[in-house]
Amino acid sequence: MLTNLRIFAVNHQKIPSLHINNMCCCKIRASLKRFNPHVPLGRNYSSLPGLIGNDIKSLHSIINPPIAKIRNIGIMAHIDAGKTTTTERILYYSGYTRSLGDVDDGDTVTDFMAQERERGITIQSAAVTFDWKGYRVNLIDTPGHVDFTLEVERCLRVLDGAVAVFDASAGVEAQTLTVWRQADKHKIPRICFLNKMDKTGASFNYAVKSIREKLKAKTLLLQLPIGEAKTFKGVVDVVNKEKLLWNLNSDDGKDFERKPLLEISDPELLKETTEARNALIEQVADLDDEFADLVLGEFSENFDLVPAEKLQTAIHRVTLAQTAVPVLCGSALKNKGVQPLLDAVTMYLPSPEERNYEFLQWYKGDLCALAFKVLHDKQRGPLVFMRIYSGMIKPQLAIHNINGNCTERISRLLLPFADQHIEISSLTAGNIALTVGLKHTATGDTIVSSKSSALAAARQAKRVGEKKHRQNEAERLLLAGVEIPEPVFFCTIEPPSVAKQPDLDHALKCLQREDPSLKVKLDPDSGQTVLCGMGELHIEIIHDRIKREYGLETYLGPLQVAYRETILNSVRAIDTLDRTLGDRRHLVTVELEARPIETSSVMPVIEYAESVSEDLLKVSQEAIENGIHSACLQGPLLGSPIQDVAITLHSLIIHPGTSTTMISACVSRCVQKALKNADKQVLEPLMNLEVTVTSNYLSSVLADLAQRRGNIQEIQTRQDNKVVIGFVPLAEIMGYSTVLRTLTSGSATFALELSAYQAMNPQDQSILLRRRSGLT
């Protein structure tokens with residue numbers, strides 16, 4: 001067997017950096033399994049991408065396929081719609097795994113973290129690379145939980161297309177709306193996959209209707225289900241008028257037969273399919289002028305004669321223009337409908353060259369890439385995921401980071417396969433690469449080949465900008481990163497001993513680089529480290545990872561809500577700072593006004609009265625603004641950040657020789673004085689809440705929400721369930737999952753998302769302040 005391996009290695013000497021270890025391991029495992037079926041083995045991966053059975057492809061074609069044959073796609077959905085199971089089936093049918101993994105068994109490829117396998121949820125997005133019928137597909141499985149919404153955001157930023165997975169019994173759910181809005185923001189073409197067609201209560205028509213109504217999307221029905229719920233056995237291909245039936249005796253769903261619909265055997269189904277196809281042709285003709293001309297010109301008498309290839313090409317154009325979304329259906333868990341979904345991905349979603357990126361014209365083939373994710377590996381150090389937009393990446397290549405303004409060297413280049421990676425010698429535009437050796441690159445950084453390349457691109461952008469009267473070209477050189485949401489929860493974290501504090505700081509630094517939505521700050525009063533996160537689950541996962549990955553038994557303080565503060569009236573204040581340090585006298589007098597503003601603004605709006613001289617501002621503006629910003633970080637009531645406030649500077653008198661630090665200190669003290677004298681108001685985070693519950697438990701859920709200061713907006717009907725939609729203050733929803741399980745005997749589910757900050761009523765505010773001051 002090792003001789004065979006040596007022969008294989010000799011045949012492929014042109015690519016010396018191939019990671020043979022994975023192959024050896026897999027082949028030895030396979031042979032062990034043959035000789036001794038009782039040897040306990042881990043998960044079986046195919047030995048190498050593309051090596052399916054005896055079909056050994058050219059490695060060069062595998063590593064760098066033509067750009068038209070590349071598809072960068074993401075799988076996105078509400079939690080528990082079946083994203084990871086769908087990904088698992090895709091990898092199995094494309095020949096990249098040899099056994100079907102299951103989320104419940106904790107042996108899926110993309111959920112490889114211990115926390116993911118224990119909880120049965122996706123926490124980190126995972127990238128996998130595979131081939132399907134001559135196409136290279138880079139697929140990213142994203143989380144569905146609202147606490148990890150940033151993971152979805154940063155992955156969508158670098159993808160060319162997406163598959164939105166829906167639970168056919170529930171249709172559009174709370175987090176589906178969130179990920180759909182994120183895809184809209186990044187202008188991502190997408191296709192819909194109605195999963196769980198075998199589930200009790202599954203309804204194709206209901207799910208399609210909810211997509212049309214809630215997502216305001218035009219749906220193109222490319223498939224119809226044959227049966228629903230327990231009777232689901234296959235799908236009808238509307239475009240080709242064929243039925244696809246899966247073999248009931250097949251354990252893995254690989255065996256299915258494609259039969260044309262005939263008048264003799266399936267008269268009803270043929271009639272329904274013909275009507276659906278004619279409706280589809282009319283829909284596509286309305287949205288695509290080229291196809292409309294073709295249909296009206298040659299096939300106006302009989303739509304049945306429209307060739308499937310022409311219809312598919314038109315659907316591809318419509319999907320790319322994002323005027324409609326193709327809809328397919330199936331059941332990933334029961335291994336039905338996944339292969340046609342893969343065909344649809346390659347047929348209807350765009351290749352990298354079909355997406356129009358304006359900045360590519362400035363680089364003219366030079367390297368331009370975006371770092372969109374960082375992982376820490378104990379052996380290799382930081383691993384940086386990059387989307388290559390133009391140029392080529394090779395190992396030992398020096399690259400320039402525009403955001404960090406630093407030059408680094410890539411030591412190794414890998415092809416991502418969840419937690420297994422294959423080493424390669426180069427990767428071209430359109431691909432997603434995994435790089436080793438970049439110590440300073442973080443999420444959202446723009447990578448180019450050199451500083452001179454960045455400057456040349458800047459000059460080119462400037463010429464284009466001058467013609468089009470655009471904004472600063474240097475800002476436009478940076479590829480847009482991701483907007484990082486503000487954390488809503490915080491708690492203190494303590495190491496087991498003072499000696500372990502540096503280890504904890506290192507662990508938190510690494511985790512922050514991986515997850516930009518995690519914020520770490522130092523409490524200036526107590527000196528404690530404070531963790532700020534997106535939710536209870538987020539902070540719980542971080543705590544667990546510090547324990548498992550860094551071996552630190554840390555202690556968390558009680559979870560607290562991130563309140564904000566504002567003022568209700570305008571207040572003027574004057575302050576003078578007079579200090580003598582050594583032989584220098586520092587004297588500053590400041591007069592300013594703090595007032596509330598209508599528009600929501602996290603940062604203070606800074607204004608200057610006409611009486612403040614411009615010459616004085618040139619010298620001290622930065623110091624003034626630093627002073628105002630630092631004063632607004634801690635409000636007078638709870639020490640929470642101040643928002644929705646405008647500060648107007650009316651007068652500034654500076655003694656010659658006064659340092660800028662003293663100016664900042666005086667301005668900061670004056671702002672604090674003004675805020676203290678104003679009427680103050682605490683703002684609390686208000687959450688959008690969606691509870692799905694059966695009718696018999698509805699009244700107890702509503703009664704509980706009323707006690708939690710909940711504001712119910714509407715109660716919808718979804719199949720046999722009721723969906724309660726409303727707003728609840730975050731402080732009242734702590735530990736809600738346990739309470740809801742108890743109230744409904746585990747039958748209800750809920751989803752949360754930050755809506756806005758709202759003013760607390762005086763009674764609740766006084767209770768909160770007494771509790772914080774230790775009086776209650």
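## Sheets, helices and salt bridges in a predicted model

Asp 184 is partly exposed, with a relative accessible area of 40%. Please keep in mind that the model is predicted. Asp 184 has a salt-bridge partner in Arg 190, and the closest N and O atoms of the two are 3.0 Å apart. Over the whole structure, a search finds 27 salt bridges.

- How many of the seven residues of strand 4 are buried? Seven of the seven are, so strand 4 (residues 161-167) is largely enclosed by the rest of the structure.
- Both faces of this strand are covered: one side holds the buried Gly 161, Val 163, Val 165 and Asp 167, and the other holds Ala 162, Ala 164 and Phe 166, also buried.
- Strand 1 (residues 70-77) runs parallel to strand 4 and is joined to it by five bridges. Ile 73 has Gly 161 of strand 4 as its bridge partner.
- Strand 5 (residues 190-195) also pairs with strand 4 in the parallel sense, over six bridges. Here Ala 164 stands opposite Cys 192 of strand 5.
- Strand 4, helix 7 (residues 174-185) and strand 5 together form a right-handed β-α-β unit.
- Arg 190, the salt-bridge partner of Asp 184, counts as buried at 4% relative accessibility.

- Strands in the order 7-8-9-10 make an open sheet with antiparallel pairing. Its edges are strand 7 (223-226) and strand 10 (256-260), each of which pairs on one side only. On average, neighbouring strands of this sheet are turned by 25 degrees against each other, direction ignored.
- Inside this order, strand 8 (residues 234-237) and strand 9 (residues 242-246) run antiparallel and are joined by four bridges. Val 236 stands opposite Lys 243 of strand 9.
- Helix 9 (residues 267-287) lies across strand 7 and strand 8, at about 160 degrees to strand 7.
- Helix 12 (residues 338-348) lies across strand 7, strand 9 and strand 10, and runs at about 135 degrees to strand 9.
- Which side chains meet in a salt bridge at 2.9 Å, N to O? They are those of Glu 242 and Arg 258. Glu 242 belongs to strand 9 and Arg 258 to strand 10, so the pair ties together parts that are 16 residues apart in sequence. Arg 258 counts as partly exposed, at 39% relative accessibility.

**Strand 12 and its partners**

- Eight of the ten residues of strand 12 (residues 368-377) are buried, and the strand is mostly covered.
- Strand 13 (residues 381-390) runs antiparallel to strand 12, with nine bridges joining the two. A hairpin of three residues links them, and Lys 373 has Phe 385 of strand 13 as its bridge partner.
- Strand 12 also pairs with strand 21 (residues 446-448) in the antiparallel sense, over three bridges. In this pairing Ala 369 stands opposite Ile 447.

- Which residues of helix 21 (residues 736-744) are buried? Tyr 736, Leu 740 and Thr 744 are. They cover an arc of only 50 degrees around the axis, which puts them on the same side of helix 21.
- As a general rule, an α-helix has 3.6 residues a turn, so residues three or four places apart point the same way.
- The buried residues of helix 21 pack against strand 32 (680-694), helix 20 (698-707) and strand 35 (749-759).
- Just after helix 21, Ser 745 takes a positive phi of about 55 degrees.

**Further charged pairs**

- Side chains of opposite charge can pair when their charged atoms come close.
- Glu 423 and Arg 412 meet through their side chains in a salt bridge (2.8 Å, N to O). Glu 423 lies in strand 18 (residues 420-423) and Arg 412 in strand 17 (residues 412-417), so the pair ties together parts that are eleven residues apart in sequence.
- Within this pair, Glu 423 counts as buried at 16% relative accessibility, whereas Arg 412 is partly exposed, with a relative accessible area of 25%.
- Elsewhere, Glu 684, Arg 709, Glu 732 and Asp 764 are linked in a network of salt bridges.

Conventions: Residues numbered from 1 in each chain as written. Predicted model: local features only at pLDDT ≥ 70, side-chain atom pairs only at ≥ 80, totals over all residues. Heavy atoms only, no water. Pairing = 2+ DSSP bridges. Axes fitted to C-alpha atoms, helices over the stretch in contact; angles between N-to-C directions. Contact = heavy atoms within 4.5 Å. Buried < 20%, exposed > 50% of the residue type's maximum accessible area, 1.4 Å probe, protein only. Arc of directions from axis to C-beta. Right-handed = clockwise from strand over helix to strand, strands pointing away. Salt bridge = Lys/Arg side-chain N within 4 Å of Asp/Glu carboxyl O.
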